[in-house]
Amino acid sequence: MKRRTFFRSGLAGAAGITLLGNRAMAGNGKNYDGEIIYRTLGKTGLKLPVVSFGVMRSDNSALVKAAHEGGMKLFDTAHGYMNGRNEEMLGGFFSTVPRDSFVVATKVKPSGVDSRTGLPSKDTTAESFLSMFNLSLSRLKLDYVDILYMHSAESVEMVRHKEIVKTMLDLKKHGRVKFIGISTHKNEPLVINTMAEDGIWDVVLTSYNYRQTYLAEMNSAIEKAAAAGMGVVAMKTMAGGWLDKERTKPVNVQAALRWVISNPNVHTTIPGITAFDQLETDLRVMRDINLTEQEKAELVADASCTGLYCNACSNCVPGCPDNLPIPELMRAYMYAYGYRNAAMASELIAETAVKADPCAGCENCSASCIRGFDLKGKITDISRLVNVPYDLLA
Ligand code: SF4
Ligand code: SF4
């Protein structure tokens, strides 16, 4: 069967006509002419389409199946996503397809890491890391994962945490993971540069998008990582998805994704996909990565809007006498209003151990954001989730 014929019948067939809906079906065959664009994920040698599946917020195995049939290869999850249901859903799907037809990445966040400083504590142990990884494998119904990331590292102390690193290397040695890496969305240039210097890491998963205010440092670190042979995977590519809380001004996600892929040192991307129309866009970009002049102009104009995306640059933090974890709270705000995922926002806030209304005692906010966020207003708003039982959100 020719590639295009397979693609048409695959999407319109097994994924389910009712789930795909008329609009997506009508657009699929017409828009997906062209070959899938592949890049090699550094020294792993894995050849991956430039767009992969960020499964984080998806609980729909029909969507995963449609993506797989559409040519996506890498599916990215994590131990903590949806309290484990994300890995379980993927495990159910993986048991229906050949093992060599997909690549799976999962992430384990070491316990006991201070969310304000990113530093480990006595509770950051190999035992807890290994126990979480074992649970992830069983949820995924697999003997091994292709890529295991240390999740959410933001300090040199975590990149070089002897116990955790040794555990990951041992897992690789014993074939329970093929490749090891680190995911980072704060202090990314520092984390990536340290990884490249250490030479033991196969892959980095990093935030990277057109709204970041430290792109020179990001580009340099990514270039260094690729030159060192590391695979580079980009996340947060859609920069929050929306420019406003009310969701009246969308980010042009196709343009944003193409912008990321226009960096040849980025090997693949993992935009979050929760709906078939999003999948449709991502499958199209997987075959056509050229930014149009109009898209470029739109991104330039959008970049100057305040938006919902927090750089996690931490410039605001020293200005807060209470040392609030402002970058994490801003990310939670983006999850709640940009992604419309209050459960994820709640999980993140729980990690920070912030109380409800932490700005109540502050008459005037002395912290300022380089993007112009109303920090006190946003923190007051999002911290209300502290009082909402998680069960009502999940
Ligand atoms: S209002 Fe909130 S964020 Fe601003 S300085 Fe006070 S406690 Fe910190
Ligand atoms: S809130 Fe603003 S200053 Fe603070 S980390 Fe985010 S982008 Fe940077």
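Biologist: Which residues in helix α8 (residues 188-198) are buried?

Modeller: They are E188, V191, I192, T194, M195 and A196. Before we go on: this is a predicted model, where local features need pLDDT of at least 70 and side-chain atom pairs count only at pLDDT 80 or more, while totals for chains, interfaces and linings use all residues. Residues are numbered from 1 along each chain as its sequence is written, and chains are lettered from A and ligands numbered from 1 in the order in which they are written.

Biologist: What makes a residue "buried"?

Modeller: We count C-beta atoms, placed from the backbone: 20 or more others within 10 Å of its own means buried, 12 or fewer means exposed, and in between is partly exposed.

Biologist: What covers the buried residues of α8?

Modeller: The cover includes α6 (156-159), β7 (177-184), β8 (203-207) and α9 (215-227). Take M195: not counting residues up to four places away in sequence, M195 touches V159, I182, W201, V204, A225 and M230. Touching, or contact, means that the C-beta atoms, placed from the backbone, lie within 7 Å.

Biologist: What makes a group of residues a nonpolar core?

Modeller: The members must be buried Ala, Val, Leu, Ile, Met, Phe, Trp, Tyr or Cys, joined through C-beta atoms within 7 Å. The largest such core here has 110 residues, and M195 and V204 have the most contacts inside it. Helix α13 (residues 326-338) gives the most to this core, nine residues.

Biologist: How do you know that this core draws on both domains?

Modeller: At least three of its residues come from each of domain 1 (3-300) and domain 2 (317-392). Those bounds come from an automatic or database domain assignment. The C-alpha centres of the two domains lie 25 Å apart, and their contact takes 10 residues from domain 1 and 14 residues from domain 2. On the domain 1 side, that makes one nonpolar, five polar and four charged residues.

Biologist: What decides whether a residue is nonpolar, polar or charged?

Modeller: Ala, Val, Leu, Ile, Met, Phe, Trp, Tyr, Cys and Pro count as nonpolar, Asp, Glu, Lys and Arg as charged, and the others, Gly among them, as polar.

Biologist: Which residues are around ligand 1?

Modeller: Among them are C320, C359, C362 and C365, along with D322 and K376. To make that list, a residue's C-beta atom, placed from the backbone, must lie within 6 Å of the molecule. Of the 14 residues around ligand 2, C310, N311, C313, C316 and C369 come nearest.

Biologist: Why are β3 and β10 called edge strands?

Modeller: Strands pair if DSSP finds at least two bridges between them. The open sheet has eight strands in the order β3-β4-β5-β6-β7-β8-β9-β10, with parallel pairing, and β3 (53-54) and β10 (268-269) each pair on one side only. Two bridges join β3 to β4 (residues 74-76), so that pair meets the cut-off. G54 stands opposite D76 in β4.

Biologist: Why is N83 called partly exposed?

Modeller: Because N83 has 13 other C-beta atoms within 10 Å. N83 is found in the loop between β4 and α4 (85-94), and its phi is near 55 degrees, a positive value in a residue other than glycine.

Biologist: What about K141: why does it count as partly exposed?

Modeller: K141 has 14 C-beta neighbours inside 10 Å, so it also lands in between. K141 lies in the loop between α5 (126-140) and β6 (145-150), with a positive phi near 60 degrees.

Biologist: And why is S61 partly exposed?

Modeller: Because 15 other C-beta atoms lie within 10 Å of S61. S61 is found in helix α3 (residues 61-69), and touches M89, G92 and F93, leaving out residues up to four places away in sequence.

How values were computed
Contact = placed C-beta atoms within 7 Å. Helix = DSSP H or I, 4+ residues; strand = E, 2+ residues; numbered from the N terminus.
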